[in-house]
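Please read them with the structure open.

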Amino acid sequence: MATTCWGLPEVICTFPAIDTTTMRETRRAIDTGFRGLVREWSDVIDATTAPLQTFLNVLERSFVGAPWVVVLAVLLLVVWAASRSWKTVLGAALAMIGIGWVGLWADTMVTLAMVTVCTVFAVALGLPVGILTARSDRVQSIVNPVLDVMQTLPSFVYLIPVVVIFGIGKVPGMIAVVIYAVPPMIRLTNLGIRLVDPEVTEAADAFGSSARQKLLNVQLPLALPTIMTGVNQTIMMSLAMVVVASMVGVGGLGRNVLQAINNQFFTIGFLNGFALVAIAIIFDRTSQAFGKRLQKHREAGHG
Amino acid sequence: MDEMTTTMEQTLATAADPDAETERAGIEIRDLYKIFGPDAKHHIAAVKAGMSKDELNRKHRHVLGLQNINLTMPGGKITVIMGLSGSGKSTLIRHINGLIEPTVGEVLYGGDDVCRMSQTELRRFRRLKTAMVFQRFALLPHRTVLENTRYGLDIQGIPHSKSEPTAKHWIERVGLKGYARHYPAQLSGGMQQRVGLARALANDADILLMDEAFSALDPLIRMDMQAILLELQEELHKTIVFITHDLDEALRLGDKIAILRDGALEQVGTGQDIVLGPANEYVASFVRDVNRGRVIRAATIARARKPGEALPEMTVQGYLVLEKVARRMTNASATSAHVVGRNGKSLGVIDLPTLLGAIVTPVTADTDS
């Protein structure tokens, strides 16, 4: 012993860890306790997640079940309404037709449904929290460290509590995705509102605006470019996480990628990967073009 | 350009008539102190006992914003608060609509203390009684000129059917007809500030607060805006508080001028009071290079008629500034004129040598010789 330790005492040489038995006992105690807690509350958990489950199922079914022409038409219409750019619409059409042609239409629809729901939830959650964070320094000092942890925590790590509490399936997957995708929405809403020209907010005050009037007339409209960047980031992160969430039972393109990794299906893996990239680009271009279009009034020049 | 200066002089002469009567309530600031810092109230006694701004900052890390402000701003008149940057003038104007609360002191308007108002009362006061124009315009970039102008009315909850005609009226009055659908970014600085002015006027508030409203504009545009303001004031008679760091602007606009330095009032009076009798060296250094012909009024230098002296044929109004009197007299080739006050009461006579002597700055004359 002493030879491996350069003649140093044992404590300094090998790290003084808790002995294996104590560790095992503690672990078992915590695990059973936690599981017991989850089991005890399972009714409540099921009751709360049930409507989410139904909502997700219905949406997924309508995406997958509808004739592809209808889905494509609606999708292109949304892209056109948001971007007003024929180029983007054409690109989206080509990408979707390509995806359908290699036989990934149904899987893509599942992913699309999931990303849509997750983005809506993340925005609906992130916007009010971001506004609260911008309003109060105290809230910010609480929210910011939480966001720091959420963003530094590897995504695999928080799949663990999600799975333990909610089990396997779409809803836990969705919860994991929303947790992963919500930080940029909160951060950028907060930042956008805090960066609004103080003279303009002062003007709002000077004319006797209530807090609500100030928020709706001044702060949100002026923070909109930053908030739109947040929405864009949230969409991108939802897409990334939907793939990882396939490990807890979310279907779609992500599951195909997971299977391809497990079985070394080179072609399938790449095709699904490209389909994901295509969707990501469509979302990104559309949301960015929408954000830019909202800023038309900033263009200078007499006209 | 020529046309502009003449209209300006005309408006100057009438709007600045000190005898004009109005019935608007004035603003009264009493014993106001403002200290910035976490423990401001604690240091009031020391400041009142004479602790200086430097000492307060060095010893206690608190900034003395305003000290011992007592100022009456007459209703229906333009009161100019003049001072260099850091003198506390922007802080002072923000006390009037409660954007900043004083450490101690009162801001009275029509018997109410603005500083004691609850949040709701204060919001109501801001909506109905005050309007503000900002140095960097502070327009909403995503709203058109029309939407910006009716902003104050939107806040009051007035329906668009009523607010739009009002907004359009004021857009025309400030000379922006045809620009109602433009966005602020499409307008020049001067035009943007006209929108700022229209927005403030559309509110139809008694008090108009102008925080360095024209300081960010080019000199020519600034003169133009001053003319517009005086022209409007001639008919509106609002209680205007105007902040500036420019003495010429202060003299041109102010019925009453308050000079602020390091948060304390150095001198309060009419432009003429300040130019003719600066209270101290600081004020004197400010007014040394002022064009006195534009400030001093005929009534001030009119002398009693000598016994047996004939009454001059030409008559001038007592409130006219000397420059204007000189121009009229030279145009009429008169060497002397009869100065009359309101109601045609005789104030005395004025002759060219006296006139020229009063226009020439004594200090400049000394250094020139």
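1. D204(B) is exposed, with 55% relative accessibility (buried is under 20% relative accessible area, exposed over 50%, partly exposed in between; 1.4 Å probe, protein chains only). This residue sits in the loop between α9 (189-202) and β7 (207-211) of chain B, where helices (H or I, at least four residues) and strands (E, at least two) are DSSP runs numbered from the N terminus. Most residues other than glycine have a negative phi.

2. This is a predicted model, in which local features need pLDDT of at least 70 and side-chain atom pairs count only at pLDDT 80 or more, while totals for chains, interfaces and linings use all residues. Residues are numbered from 1 along each chain as its sequence is written, chains are lettered from A and ligands numbered from 1 in the order in which they are written, and side-chain values use heavy atoms, with hydrogens and water left out.

3. R84(A) also has a positive phi, of about 55°, and is not a glycine. The residue belongs to the loop between α4 and α5 (86-101) of chain A and is partly exposed at 48% relative accessibility.

4. The largest pocket holds about 720 Å³ of space. On a 1 Å grid over the protein atoms alone, a pocket is an open set of points where a 1.4 Å probe fits, with protein on both sides within 12 Å along at least five of seven lines; lining residues have an atom within 4 Å of a point. Grid points are joined across faces, edges and corners, and the volume is the space filled by probe spheres set on the points. The lining has 26 residues, of which L75(A), V78(A), V79(A), T116(A) and F283(A) lie nearest the centre. Helix α4(A) gives the largest share, 7 residues; α3 (42-65), α6 (105-135), α11 (211-244) and α13 (266-293) of chain A are among the helices that each supply at least two.

5. In chain B, four strands form an open antiparallel sheet in the order β2-β1-β4-β5, with strands counted as paired if DSSP finds at least two bridges between them. The edges are β2 (63-73) and β5 (112-113). Strands β1 (27-36) and β4 (104-109) of chain B pair over 5 bridges, and Y33(B) stands opposite V104(B). Helix α4(B) lies across β1, β2 and β4 of chain B at about 125° to β1(B); axes are lines fitted to C-alpha atoms, for helices over the stretch in contact, and angles run from 0 to 180 degrees between N-to-C directions.

6. R94(B), in helix α4 (89-96) of chain B, is buried at a relative accessible area of 9%. A polar atom of its side chain lies 3.2 Å from the backbone oxygen of S90(B). Leaving out residues up to four places away in sequence, R94(B) touches E202(A), L99(B), I100(B), M132(B), F134(B) and D211(B) (contact means heavy atoms within 4.5 Å).

7. Strand β12 (336-340) of chain B pairs with β13(B) in the antiparallel sense over 5 bridges, with S336(B) opposite D351(B).

Technical notes
A polar contact is a pair of N or O atoms within 3.5 Å; within protein, one must be able to donate a hydrogen and the other to accept it, and residues adjacent in sequence count only if both atoms are side-chain atoms.
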